[in-house]
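Subject: Structure handover

Hi,

Here is the structure for you to look over. My notes on it follow below.

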Amino acid sequence: ETYGALETAYNFFNERLFGERLMPCVFVLQRGKNNRMGHFHAEIWQSAETPDYAADEMSINPNTMQARSLRDILSTLVHEMCHLEQHHHGEPSRNGYHNKEWGKMMDAVGLTPSNTGAPGGKRTGQQMTHYIEEGGAFDAACAELLDGGFSIPWLSVDTTPPPKEKK
(Lines give C-alpha, C1' and ligand atoms only; values in the text may rest on other atoms or scores of the structure.)
Protein backbone atom coordinates (compact mmCIF):
# COMPACT_ATOMS: atom_id res chain seq x y z
CA GLU A 1 0.00 0.00 0.00
CA THR A 2 2.81 2.42 0.83
CA TYR A 3 4.69 1.65 -2.38
CA GLY A 4 1.45 2.12 -4.34
CA ALA A 5 0.93 5.51 -2.70
CA LEU A 6 4.48 6.58 -3.60
CA GLU A 7 3.93 5.47 -7.19
CA THR A 8 0.64 7.39 -7.32
CA ALA A 9 2.37 10.54 -6.07
CA TYR A 10 5.28 10.02 -8.48
CA ASN A 11 2.91 9.72 -11.44
CA PHE A 12 0.92 12.76 -10.30
CA PHE A 13 4.01 14.98 -9.93
CA ASN A 14 5.51 13.60 -13.13
CA GLU A 15 2.43 14.86 -14.96
CA ARG A 16 2.03 18.18 -13.12
CA LEU A 17 5.65 19.23 -12.64
CA PHE A 18 7.76 17.34 -15.18
CA GLY A 19 5.52 17.15 -18.26
CA GLU A 20 5.48 13.32 -18.07
CA ARG A 21 9.09 13.14 -19.28
CA LEU A 22 10.32 10.96 -16.39
CA MET A 23 10.45 7.20 -16.86
CA PRO A 24 8.94 4.85 -14.27
CA CYS A 25 11.30 3.85 -11.48
CA VAL A 26 11.55 1.22 -8.77
CA PHE A 27 10.65 2.41 -5.27
CA VAL A 28 12.36 1.14 -2.15
CA LEU A 29 12.03 2.14 1.46
CA GLN A 30 15.50 2.15 2.93
CA ARG A 31 16.67 3.34 6.29
CA GLY A 32 19.58 5.60 5.46
CA LYS A 33 22.61 6.75 7.31
CA ASN A 34 22.76 10.26 8.78
CA ASN A 35 18.95 10.59 8.55
CA ARG A 36 19.09 11.14 4.80
CA MET A 37 15.48 11.66 3.81
CA GLY A 38 15.75 10.02 0.39
CA HIS A 39 18.04 8.91 -2.37
CA PHE A 40 18.19 8.28 -6.10
CA HIS A 41 20.30 5.64 -7.85
CA ALA A 42 20.43 5.62 -11.64
CA GLU A 43 19.75 2.51 -13.67
CA ILE A 44 20.39 -0.20 -11.06
CA TRP A 45 17.36 -2.42 -11.70
CA GLN A 46 17.33 -4.68 -14.74
CA SER A 47 14.07 -5.74 -16.33
CA ALA A 48 13.46 -9.50 -16.41
CA GLU A 49 11.36 -9.04 -19.55
CA THR A 50 13.57 -6.47 -21.30
CA PRO A 51 17.20 -7.22 -20.33
CA ASP A 52 18.56 -4.15 -22.15
CA TYR A 53 16.44 -1.81 -20.00
CA ALA A 54 17.62 -0.67 -16.57
CA ALA A 55 15.32 1.26 -14.26
CA ASP A 56 16.27 3.87 -11.71
CA GLU A 57 15.75 3.45 -7.96
CA MET A 58 14.13 6.04 -5.74
CA SER A 59 13.87 5.77 -1.98
CA ILE A 60 12.33 7.57 0.94
CA ASN A 61 13.91 6.85 4.33
CA PRO A 62 11.06 5.41 6.43
CA ASN A 63 12.76 6.55 9.66
CA THR A 64 12.06 10.16 8.66
CA MET A 65 8.43 9.72 7.61
CA GLN A 66 6.47 9.69 10.86
CA ALA A 67 8.02 12.88 12.22
CA ARG A 68 7.39 14.87 9.02
CA SER A 69 4.28 16.24 7.36
CA LEU A 70 2.93 14.51 4.26
CA ARG A 71 3.74 17.69 2.33
CA ASP A 72 7.40 17.47 3.43
CA ILE A 73 7.62 13.76 2.56
CA LEU A 74 6.24 14.52 -0.90
CA SER A 75 8.74 17.36 -1.34
CA THR A 76 11.52 14.81 -0.74
CA LEU A 77 10.00 12.61 -3.45
CA VAL A 78 10.06 15.56 -5.89
CA HIS A 79 13.64 16.43 -4.80
CA GLU A 80 14.67 12.90 -5.82
CA MET A 81 12.65 13.21 -9.04
CA CYS A 82 14.85 16.20 -9.92
CA HIS A 83 17.88 13.90 -9.62
CA LEU A 84 16.18 11.46 -11.98
CA GLU A 85 15.38 14.29 -14.39
CA GLN A 86 18.97 15.51 -14.34
CA HIS A 87 20.35 12.00 -14.91
CA HIS A 88 18.26 11.50 -18.04
CA HIS A 89 17.86 15.08 -19.31
CA GLY A 90 20.89 16.95 -18.01
CA GLU A 91 24.48 16.63 -16.90
CA PRO A 92 24.80 15.42 -13.31
CA SER A 93 27.96 16.00 -11.29
CA ARG A 94 29.91 13.45 -9.29
CA ASN A 95 27.92 11.08 -7.10
CA GLY A 96 26.03 12.89 -4.37
CA TYR A 97 26.92 16.42 -5.49
CA HIS A 98 24.06 18.84 -6.13
CA ASN A 99 25.16 21.25 -8.89
CA LYS A 100 23.71 24.45 -10.36
CA GLU A 101 21.79 22.62 -13.09
CA TRP A 102 20.06 20.47 -10.47
CA GLY A 103 19.30 23.66 -8.51
CA LYS A 104 17.60 25.19 -11.54
CA MET A 105 15.52 22.02 -11.96
CA MET A 106 14.49 22.29 -8.32
CA ASP A 107 13.56 25.97 -8.76
CA ALA A 108 11.45 25.05 -11.80
CA VAL A 109 9.28 22.72 -9.69
CA GLY A 110 8.98 25.12 -6.74
CA LEU A 111 11.58 23.69 -4.36
CA THR A 112 14.46 25.95 -3.36
CA PRO A 113 17.82 24.22 -2.81
CA SER A 114 19.47 25.03 0.51
CA ASN A 115 22.10 23.23 2.53
CA THR A 116 20.31 24.41 5.69
CA GLY A 117 16.73 23.83 4.55
CA ALA A 118 16.04 27.54 4.98
CA PRO A 119 16.45 30.74 2.97
CA GLY A 120 20.04 31.94 2.77
CA GLY A 121 21.66 28.50 2.66
CA LYS A 122 24.12 27.42 -0.01
CA ARG A 123 22.39 26.32 -3.24
CA THR A 124 24.93 23.67 -4.26
CA GLY A 125 26.97 21.10 -2.40
CA GLN A 126 27.45 17.50 -1.37
CA GLN A 127 24.71 17.32 1.25
CA MET A 128 21.68 19.34 0.29
CA THR A 129 18.07 19.71 1.24
CA HIS A 130 15.46 22.28 0.22
CA TYR A 131 12.50 24.32 1.32
CA ILE A 132 9.14 24.67 -0.37
CA GLU A 133 8.50 27.90 -2.28
CA GLU A 134 5.19 29.20 -0.93
CA GLY A 135 2.73 29.49 -3.83
CA GLY A 136 5.18 27.79 -6.20
CA ALA A 137 4.52 24.91 -8.57
CA PHE A 138 5.12 22.15 -5.99
CA ASP A 139 3.04 23.92 -3.36
CA ALA A 140 0.06 24.19 -5.74
CA ALA A 141 0.38 20.64 -7.11
CA CYS A 142 0.82 19.16 -3.63
CA ALA A 143 -2.27 21.00 -2.36
CA GLU A 144 -4.25 19.56 -5.28
CA LEU A 145 -3.03 16.03 -4.52
CA LEU A 146 -3.74 16.32 -0.78
CA ASP A 147 -7.13 17.96 -1.35
CA GLY A 148 -7.99 14.90 -3.46
CA GLY A 149 -7.56 12.69 -0.38
CA PHE A 150 -4.07 11.35 -1.04
CA SER A 151 -2.40 9.65 1.90
CA ILE A 152 0.43 7.25 2.65
CA PRO A 153 -1.24 4.45 4.62
CA TRP A 154 1.79 3.19 6.55
CA LEU A 155 4.45 5.34 8.22
CA SER A 156 7.37 3.61 9.89
CA VAL A 157 8.31 4.03 13.49
CA ASP A 158 11.80 5.55 13.70
CA THR A 159 14.23 2.75 14.48
CA THR A 160 17.33 4.94 14.70
CA PRO A 161 19.22 3.97 17.85
CA PRO A 162 19.86 6.80 20.28
CA PRO A 163 23.35 8.31 20.10
CA LYS A 164 25.92 6.65 22.30
CA GLU A 165 27.12 8.62 25.28
CA LYS A 166 30.57 10.06 24.87
CA LYS A 167 33.15 8.92 27.38
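First, a term: contact means heavy atoms within 4.5 Å. Helices (H or I, at least four residues) and strands (E, at least two) are DSSP runs, numbered from the N terminus. Axes are lines fitted to C-alpha atoms, for helices over the stretch in contact, and angles run from 0 to 180 degrees between N-to-C directions.

This is a predicted model: local features need pLDDT of at least 70, side-chain atom pairs count only at pLDDT 80 or more, and totals for chains, interfaces and linings use all residues. Residues are numbered from 1 along each chain as its sequence is written, and side-chain values use heavy atoms, leaving out hydrogens and water.

**Helices on the sheet**

Two strands pair if DSSP finds at least two bridges between them. Strand 2 and strand 3 (residues 54–60) run antiparallel, joined by six bridges. Trp45 has Ala55 in strand 3 as its bridge partner.

**Helix pair**

Helix 1 (residues 2–18) packs on helix 2 (residues 70–89) at an angle of about 60°, and the axes are 10 Å apart. That makes the two oblique; the cut-offs are under 35 degrees for roughly parallel, over 145 for roughly antiparallel, 65 to 115 for roughly perpendicular, and oblique for the rest.

Which residues meet? From helix 1, they include Leu6, Tyr10 and Phe13; from helix 2, they include Leu74, Leu77 and Met81. By class, this contact has twelve nonpolar, one polar and one charged residues. Ala, Val, Leu, Ile, Met, Phe, Trp, Tyr, Cys and Pro count as nonpolar, Asp, Glu, Lys and Arg as charged, and the others, Gly among them, as polar.

**Phe40**

Phe40 sits in strand 2 (residues 38–46). Is Phe40 buried or exposed? Phe40 is buried, because its relative accessible area is 16% (buried is under 20%, exposed over 50%, partly exposed in between; 1.4 Å probe, protein chains only). Leaving aside neighbours within four places in sequence, its contacts include Met58, Glu80 and Leu84.

Regards
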